[in-house]
Amino acid sequence: MKKNKFDMGVPIPYRKGKDKYGLYEFPLNGSKFIPLTEGDTTYLRNNIRVQASKKNPGAKFIVRTVVEGGKKGYRIWRIE
């Protein structure tokens, strides 16, 4: 009977799927501006934070409403 061979240290790949806001591999102390577009819901702010957390397990984020270059939107920062 053969012994099973197991590979150690192989990273789990990211789930494939939409990354509308480009939040995979968000760097520590990095931030990203996401402009509001017509038709965005009031839940977008929380959705951005939740998606960033799902794509970067263990990381913590803060989202604030900002106006940059005359355009209103949300800026998300990775703080941990």
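Me: How many aromatic pairs does the structure hold?
Reply: Happy to look! This is a predicted model, where local features need pLDDT of at least 70, side-chain atom pairs count only at pLDDT 80 or more, and totals for chains, interfaces and linings use all residues. Residues are numbered from 1 along each chain as its sequence is written, and side-chain values use heavy atoms, without hydrogens and water. Rings of Phe, Tyr and Trp (its six-membered ring) pair if their centres lie within 6.5 Å, with planes under 30 degrees apart stacked, over 60 edge-to-face and the rest tilted. The number of aromatic pairs here is one.

Me: Which geometry do F26 and F61 form?
Reply: Their centres are 5.2 Å apart. With 80 degrees between the planes, the F26 and F61 pair is edge-to-face.

Me: Where in the chain do F26 and F61 lie, and how many residues apart?
Reply: Strands here are DSSP runs of E, at least two residues, and helices runs of H or I, at least four, numbered from the N terminus. F26 is in the segment before β1 (31-35), and F61 is in strand β2 (residues 61-68). The pair links distant parts of the chain, 35 residues apart.

Me: Is F61 buried or exposed?
Reply: Buried means under 20% relative accessible area, exposed over 50%, and partly exposed in between (1.4 Å probe, protein chains only). F61 has 9% relative accessibility, so F61 counts as buried.

Me: Which ring does the charged end of K55 sit over?
Reply: The test asks for NZ of Lys or CZ of Arg within 6 Å of the ring centre and within 35 degrees of the ring normal. For K55 the charged end is 5.3 Å from the centre of the ring of Y24.
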